[in-house]
Amino acid sequence: MKTLLDCHKACKVRIVKLNTEGDLKQRLISFGIMKEAEVEVLEHAPAKSTIEVKVGKMRIALRGEEAKLIEVEKI
Amino acid sequence: MSTVDAKACPIIANHIKVALVGQPNVGKSMLINSVSNAHLHVGNFSGVTVDKTEVLFDYKEYHFTVVDLPGTYAFTDYTIEERVTHEYLCAEDYDIIINVVDSTNLEKNLQLTSELLTMSKKVVIALNMSDEAEKEGIQIDAEYMAELIGVPCVKVSAVTKEGIEELIEAVILKYETPKNKPKLVFSESVEEEIAQIVWYLEKHKFSSTNSYRNVAINLLKGNKKTYAKLHDEPIWVELQPILIEASKHIELHHDSDDIKESFAEEYAAFNRGITAEVLKQKKIEEKKTLTEKIDSILIHPIFGIPIFLFFMWSLFQLTFKIGNIPMDYIDMFFTWFGNTVGATIANEDIRSLIVDGVIAGVGAVVLFVPNIIILFIGIALLEGTGYMSRVAFLLDGFFHKFGLHGQSFIPLVTGFGCSIPAYMSARILKNDRDRLLTLFIISFMSCGARLPVYVLFTGAFFASNMAGNILFAIYVSGALLGLLAAKVLKLTAFRGKDEPFVMEMPKYRLPTFKLIWHTVLTKTMMYLKKAGTFIAGASMLIWFLSNYPHNLELKKSYETKIEKAQGVAAKAALEHQLSEAQLEQSYLGTIGKFSEPLFAPLGFDWKMSVALQAGLAAKEVVVSTLGVLYALGNDVDQDSNSLVVAISKNISFPSAVAFIVVIMIYLPCFAASIVFTREAGHIKYFFYLFAFTSIVAYVMAFIAYNVTLLLA
């Protein structure tokens, strides 16, 4: 199983599943991070503590721990 | 609230009340600012401390009231702001919704639009930033879009003010025409389930202000309020199994076990469809956008943080260097003003109260307006350009180690300006524990009001070319201490799950002058209001405590001595002795003497102890109190050389270091304490904060005093 955290910089993936519930899931969805959405990894902060991704035209910052909950596949 | 609105717009017949909604960073505030002849009302949403901006204006024979609702990505209740918007849209009374949409990011923005369309309300869509979209080669067919989704769509630009009039016209037209059915259609499987629930509601003639379709969608989406309403109805018994069945079907269809996720997918599909129909992008450029280019430098894994630190350092240098220029003039003005007013008052006691108490006290506060304005401009620029979220991105890893959230950075930095807006901006943290933790350490970020004390002491003990660096060091060590305190609190009082970190990194924008001016003005006014109320009051109290009780015998004995004395210098020396002796036997002196043993381990004399206690009211009072206590009269500021000299003569270097440490850590001021209590939600937190900061301040000052004593 590959997660968003495993992705390298500039890699493009499609989201398969969000392995989370409740508030965080709603939060992700409201940012457009949902099943079938295509995501590009833009930047990693030092030690991958936070990552910046692009969904559609929006840039979103995520914590590494949260990126780990997002299951992805290569396009 | 409705009574207030009625007063503002007495003619109800032609009164249109508009709810302005949009996702964050779509230029909503700018759009509302670009309406000409508009009056801005800033207040609070009832019950919560979220800013509510209302704009009133007249157009033709209509009176408009536009309520600017906080930005929200979708109908979620994640933050207080989102909750306010959601509740307002569902429960409040308004005529029409203007949905502001960022034309350069249509599909994402339609997420909120499509949810608005499912409510049975009149909606007009403002396609904002249309000029920017055109530059990016994006073409939106507004007429076709209006036809597809069944609501008017108007291209506008808040920057060039294009289309504003057309938008108002469209609102009026929509207001005057009856509601039409929205054209938002879900997938077949969902529509089937909706139809079934609608059919059931129709059969039982269920009474509702909303359309049956709307009720059905709300039920399927699991809207708590709709559930609560239907739960007490007799039809619930039969409706419930139908709903369970319907949810199962939809979930099955979407291969998901979460109905909300399924609906989000439904909306996303609709938005994709609309965007594909109405939007044409000339050429898909793979070239990096400007924002991406800037980001590749500013959030660079290695250079990002040094660049940020450089920006902050420059901001403090500017605050110190430029802010000091107008200070002399302000000081001169207040001296002149005090003398002029004093000349008109015959009674000596009242004159002293007004001139030495009120005018001098308030003057000491106004003195820092230039510094504070520069700091606020800096912070407004950080926020307005979008750099603030980059900093949160860069620092989250670091902050997280101390149990804080990347977004805690925003209230913490604001804390360098003034603790009051800082406490208020902590609302962006949703998790209560994270917010409380941030609130507790905001006071470690030295606010602008502590600057005068620092300036006074650095001036007394360091060369002037070192002052800026020492000042920076004081601020940095305060911040580091705050982080350590956060870690300790996180491991003890605030243990628990962390708040997730998911935030938008908006496009870089140059904020308009008007917007910066507006924020800086409101914040500065807030500071000045504090000067006029709390600080004037505290100055009067300190004046009273330091002047009473009068000891006439003491005065007489000195007066005879002064008469006998030879030469001006000797007379002046005796006068100083008199005022010092008078102070010592005043109420303030008694308090200081009483608390002296408590502060003795820190190397403070009774004068410093009094100044610190007076500083609980406001930090600005510390300097004026020191001035009074070192027998120089009340009208002193940190620039008066005489006070600097008096301080360097009377206070030892280790005591001064300990004094700065206490100032750095203990409670900011009375007004901030009130705001803190309100934001934290309970008075008990204030007592925790008071105990926490006092103990830390005492312990740290004790260590600082003894270490400096050893080194010196």
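Two strands pair if DSSP finds at least two bridges between them. Strands (E, at least two residues) and helices (H or I, at least four residues) are DSSP runs, numbered from the N terminus.

The structure is a predicted model, in which local features need pLDDT of at least 70 and side-chain atom pairs count only at pLDDT 80 or more, whereas totals for chains, interfaces and linings use all residues. Residues are numbered from 1 along each chain as its sequence is written, and chains are lettered from A and ligands numbered from 1 in the order in which they are written.

**Exercise 1. Strand pairing across the two chains**

Task: State in which sense β4(A) and β10(B) pair, and over how many bridges.

Solution:
1. Locate β4 at residues 58–63 of chain A and β10 at residues 502–504 of chain B.
2. These two strands pair in the antiparallel sense, over three bridges.
3. Within this pairing, M503(B) of β10(B) stands opposite A61(A).

**Exercise 2. The strands of chain A**

Task: Trace the pairing from β2(A) to β3(A) and from β3(A) to β4(A).

Solution:
1. β2(A), residues 38–44, is antiparallel to β3(A), residues 50–55, with five bridges between them. K54(A) in β3(A) is the bridge partner of E40(A).
2. Five residues lie between β2(A) and β3(A) in their hairpin, and A47(A) in the turn has a positive phi of about 65 degrees.
3. β3(A) also runs antiparallel to β4(A), joined by six bridges; here L62(A) in β4(A) stands opposite I51(A).
4. This second hairpin has two residues between its strands, and G56(A) in the turn has a positive phi of about 60 degrees.

**Exercise 3. The side of chain B that touches chain A**

Task: Describe which elements and residue classes make up this side of chain B.

Solution:
1. Contact requires C-beta atoms, placed from the backbone, to lie within 7 Å. By this criterion, 29 residues of chain B are in contact with 29 residues of chain A.
2. α4 (106–117), α12 (259–278), α18 (387–401) and β10 (502–504) of chain B each supply at least two residues.
3. α18(B) gives the most, with six residues.
4. The residues on this side of chain B comprise 14 nonpolar, seven polar and eight charged. Nonpolar covers Ala, Val, Leu, Ile, Met, Phe, Trp, Tyr, Cys and Pro; charged covers Asp, Glu, Lys and Arg; the others, Gly among them, are polar.

Key: Contact = placed C-beta atoms within 7 Å.
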